[in-house]
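Open the model in your viewer and keep the sequence panel beside it. The stops below say what to select next and what is there.

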Amino acid sequence: MTHADAPRTTHAHTGRTTHEYEMVVGLEVHVQLKTRTKAFCSCSANFGDPPNTNVCPTCLGLPGALPVLNERAVDLAIRAALALGCDVHETSIFARKNYFYPDLPKGYQISQYDKPLATGGHLEIGATEKGGAISVGITRVHIEEDAGKSLHDRFRGVTAIDLNRAGVPLIEIVSEPDMRSTEQAGAYLRTLKQILEYMDVSDVSMEEGSLRVDANVSARTRGDSKLGQKTEVKNLNSFSGVERALEVEFARQCALLDAGDTIDPQTMLWDAGTGEVRAARTKEASHDYRYFPEPDLPPLILDRARIDRERKDLPELPSARRARVRTEYQLADYDVTVLTSSPALADYFESVARQHGDAKAAANWVMGEVLAALKAAGQDIAHVAVRPRDLAELLNLVRDGTVSHTAAKQILAVMMRSGDPPAQIAQREGLLKVSDDDALRRWLDEVLAEHPTEAERFAAGEKKLQGVLIGAVMKKSRGSADPKRLGQLLAERFGT
Amino acid sequence: MTGAPARTTVAQIISSMRAASRSPTDVTKAALARAREVDEEERLNVFLARADKSAMNAARDLDRDARARETAPLFGVPFAVKDNISVEGLQVSCGSRILDGYVAPYTATAVERLRDAGAVLVGKTNLDEFAMGSSTENSAFGPTKNPIRPSVVPGGSSGGSAAAVAAGVVPIALGSETGGSVRQPAAFCGVVGVKPTYGRVSRYGLVAFGSSLDQIGVFGITVSDAALALRCIAGRDELDATTADVPVPDYLGSHPEGSEGSAVSLKGLVIGRPKEYFPKELDPDIAKLCERALDRMRSLGAEVRDVSMPHTSLAIPVYYIVAPAEASSNLARFDGVRYGLRVPGDDAGLRGMYEATRSRGFGAEVTRRILLGTYVLSAGYYDAYYRKAMQVRSLIADDFRRIFSSGVHVLFTPTTPTTAFPFGARTEPYDMYLSDIFTCTANLAGVPAISLPIGRVGGLPAGGQFMAAHFDELRMFQAAFALEAALGPEAHA
């Protein structure tokens with residue numbers, strides 16, 4: 001018993017060689033479904049509202065209240081399951097998972113147990129640096145409700161409970177133990193997140209807790225076909241945390257095996273701060289959940305037509321979109337990968353490309369200026385102020401010579417702030433390309449006066465200084481001067 | 001006929017107000033006065049909370065409501081509700097210390113519907129703690145006494161509601177059934193009690209005990225009182241996913257209000273008499289009253305057919321696995337965290353608080369069933385107990401399906417094997433459990449059932465029970481109307 005009870009910590013990078021062992025990983029991912037209301041009542045499922053404001057008798061677990069299933073949650077769950085290649089069952093059963101915890105108002109969680117919504121899917125992972133492409137089996141996808149949140153640091157000395165999250169719909173996606181490295185686990189998570197994003201079933205934000213991961217990990221001697229004893233690693237709060245935690249836990253297991261010890265089937269908690277895993281107290285880990293069919297909800301019966309309808313209306317999967325974007329816009333693989341990394345970005349790019357016509361230019365601007373500006377502003381593409389129509393219009397202005405490339409960048413910066421149309425900004429800020437010779441000559445005179453040495457050297461035949469001089473004019477004109485005409489005027493002036 | 005308090009039926013109350021000799025305020029005042037009297041003077045301990053203020057407000061609103069006077073089927077009729085059903089602004093104690101101080105912030109659908117029908121709630125009635133018991137002796141607030149004879153139990157768990165009707169406080173009351181908790185006290189108190197088909201009445205607002213068995217039921221002085229009340233509360237409710245979208249027929253259609261006492265033909269009705277419900281342990285006097293009732297129905301044209309329901313004897317063991325299993329989960333929410341009693345534990349920790357609160361808050365019978373239920377759901381025991389019990393449960397339901405598809409329309413049985421017993425007479429839990437031997441089958445099978453008075457044994461009421469096929473309450477009521485009319489005053493003698 002002391003064996004299981006003693007907290008055990010293992011540091012990363014113990015330096016031990018573990019090449020003789022193979023890591024085996026299966027992941028359990030909880031995903032909050034993007035519904036307006038909760039799974040079993042009509043309370044708002046919105047994240048971030050003041051504590052305990054989105055609650056009612058049902059999600060508070062008041063005596064006598066009953067659950068009523070949110071059909072929208074079912075639709076989203078079906079969609080996710082289909083996207084993962086699962087078999088969606090015409091009959092699934094809700095079950096109660098019983099355990100005591102202050103943020104679990106009913107003393108049980110409504111979940112699904114021996115008859116889940118869907119089983120038998122798979123997820124394809126592209127090649128990683130450490131290995132080729134693999135297919136990870138999806139054991140099951142089931143619907144359940146979230147618990148509330150325990151706030152341990154909000155008030156001194158007491159734990160506070162926020163039940164806004166209690167009853168928010170989740171799906172749990174359980175993988176087969178098909179991953180063999182931390183890289184594969186990371187790739188699985190990124191691929192899964194992207195698919196769920198494309199299916200528009202969840203916000204899939206680990207920061208907001210709409211995607212949560214538990215990992216089952218074991219070690220076995222390379223070449224063994226039998227699985228080793230697994231442990232469950234919890235409290236993983238980022239993708240990189242998952243990878244680090246798996247590495248540390250694997251190293252801990254390898255060290256035990258090397259020492260001739262056995263692995264206890266226990267729950268390990270990851271501490272991102274210290275980079276350690278520690279064993280959860282045995283009591284926390286040894287729940288008997290006493291599952292039984294939820295008598296308050298009839299079996300979930302889905303007729304074939306409903307499943308088929310979801311299948312037919314399934315949004316484009318990331319792989320399909322990548323293939324289409326590649327051929328439709330004739331882009332390089334790297335560009336395709338970046339532009340389709342999220343459905344919002346892909347939508348944005350495609351909209352700009354279609355309205356502007358030159359896909360390559362659209363790709364360059366979106367990947368370059370737009371993403372850089374968003375990154376600088378800490379925004380994401382879903383909330384960008386520049387409408388695709390306006391960006392396409394800006395690219396049109398560049399193409400037809402109305403504004404220079406330099407001016408266009410300045411216009412875009414204003415567009416990012418104000419959302420105004422580009423022509424209006426160009427007009428207002430005097431950024432239309434100036435081809436009027438009088439104006440250009442005036443700027444040119446000023447520049448030559450300001451740079452007498454360069455002017456002299458240019459006149460003496462040092463042609464490479466043309467760029468410097470024209471650049472100075474461009475700067476003076478805030479990008480509006482027509483550089484081509486400037487070149488001609490400069491040549492005229494010095495009779496070259 | 002000893003100790004029979006004056007009672008006024010729904011029909012009598014309605015007609016007294018139709019004649020405009022009385023107003024809803026008059027009726028409500030009288031009911032509230034009688035409620036006070038039974039508890040403060042007769043010390044029957046019927047009500048755990050009275051709703052004097054809200055009742056008078058509702059009555060005054062009705063006084064001014066000319067339209068409701070014409071259309072509301074229960075216009076101004078006072079009713080009582082078992083204190084495990086939520087009514088906004090009133091306590092829901094469930095007869096337990098653990099809900100100390102809890103006031104419901106919402107109203108149960110069934111109560112809402114009775115109020116919509118014009119009825120006026122006068123109070124919340126006593127019960128065995130969390131509806132677990134057959135005598136009200138398990139109430140944390142003391143037992144209710146039987147208005148017919150205060151030295152015996154009123155039955156349970158809905159003993160307070162049965163007593164409220166029997167004592168003439170109200171003509172109708174809501175109770176709840178998990179395994180006979182309406183019919184058994186109805187039989188003990190000499191009133192009518194109905195357990196509807198599972199899914200017929202919304203459970204929204206009923207504090208759950210065994211969710212797959214629980215139904216809100218109704219008490220009435222007469223069959224038509226109960227039928228009228230059921231008609232008002234029955235039907236699909238969006239707030240209870242287990243309610244059925246099955247039309248609610250007019251149960252009184254063939255039996256207009258006020259026609260009690262006139263002979264009704266039962267020609268064409270086939271009544272099953274299941275031999276398993278007439279065992280040698282059955283009180284011979286109750287058996288005799290049942291045979292008399294069957295004779296009366298034969299003479300009204302019914303065919304009585306001997307039938308067998310072979311799995312009947314398994315009902316009590318199955319019931320005492322399924323109901324506690326569900327209860328162990330349903331009662332987990334009473335943990336001291338959000339409402340009700342909270343007792344800090346010795347170690348100030350969470351676990352200590354849970355243990356102290358639940359040990360102090362729950363009585364012995366509730367604790368016993370939580371432990372039993374936790375055990376049968378535990379890993380390694382689930383298959384041997386819960387799964388097997390659910391399999392046997394479906395065999396019991398098959399017994400009913402088979403009988404009702406063989407041409408039998410209703411079953412007639414005694415409601416209980418004995419009449420009401422003295423307080424403290426049944427200290428062994430299993431002896432107490434046997435009070436429900438004839439009633440818990442209907443809960444397990446989900447079929448509707450009614451208990452009505454069929455006479456007295458040694459001055460105490462005996463009940464006869466009809467059971468019918470799922471959602472065939474209409475036929476069940478027709479048979480009950482006929483028997484009630486045929487027995488006339490003998491039902492209470």
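**Start with chain B**

Select chain B: its secondary structure comes to 16 helices and 11 strands, where helices (H or I, at least four residues) and strands (E, at least two) are DSSP runs, numbered from the N terminus. This is a predicted model, in which local features need pLDDT of at least 70 and side-chain atom pairs count only at pLDDT 80 or more, while totals for chains, interfaces and linings use all residues. Residues are numbered from 1 along each chain as its sequence is written, and chains are lettered from A and ligands numbered from 1 in the order in which they are written.

The C-alpha trace of chain B spans about 70 × 55 × 45 Å along its principal axes. Its radius of gyration is 21 Å, which agrees with the value near 23 Å that a compact globule of 493 residues would have. That radius is taken over C-alpha atoms, and the globule rule is 2.2 Å times the number of residues to the power 0.38. Of the 493 residues of chain B, 60% count as buried. A residue is buried if 20 or more other C-beta atoms lie within 10 Å of its own, exposed if 12 or fewer, and partly exposed in between, with C-beta atoms placed from the backbone.

**Chain A as a whole**

Now select chain A, which has 18 helices and 16 strands. With a radius of gyration of 30 Å, well over the 23 Å that the globule rule gives for 496 residues, chain A is more spread out than a compact globule. Its C-alpha trace spans about 95 × 55 × 50 Å along the principal axes. Buried residues make up 41% of the 496 residues in chain A.

Colour chain A by domain: domain 1 is 2-301, domain 2 is 318-428 and domain 3 is 437-493. These bounds come from an automatic or database domain assignment. The centres of domain 1 and domain 3 of chain A, taken over C-alpha atoms, are separated by 65 Å.

**The sheet of chain A**

Next, show the strands of the open sheet in chain A. In what order do the nine strands come? The order is β2-β6-β7-β10-β1-β11-β12-β13-β14, with mixed pairing; two strands pair if DSSP finds at least two bridges between them. At the edges of the sheet stand β2 (87-88) and β14 (276-279) of chain A, each with a single partner strand, so one side of each is left without a neighbour in the sheet.

Zoom to β11 (residues 211-221) and β12 (residues 231-236) of chain A, which run antiparallel and are joined by four bridges. Here A:N216 stands opposite A:E232 in β12(A).

**Where the chains meet**

Show both chains: 24 residues of chain A are in contact with 32 residues of chain B, contact being C-beta atoms, placed from the backbone, within 7 Å. On the side of chain A that touches chain B, the elements giving two or more residues are α2 (57-60) and β4 (94-98) of chain A.

**Last stop**

Select A:K360, in helix α11 (residues 359-377) of chain A. Is A:K360 buried or partly exposed? A:K360 is partly exposed, because 13 other C-beta atoms lie within 10 Å. Also select A:L331: the C-alpha atoms of A:K360 and A:L331 are separated by 7.1 Å, and the two residues are 29 residues apart along the chain.

Conventions:
Contact = placed C-beta atoms within 7 Å.
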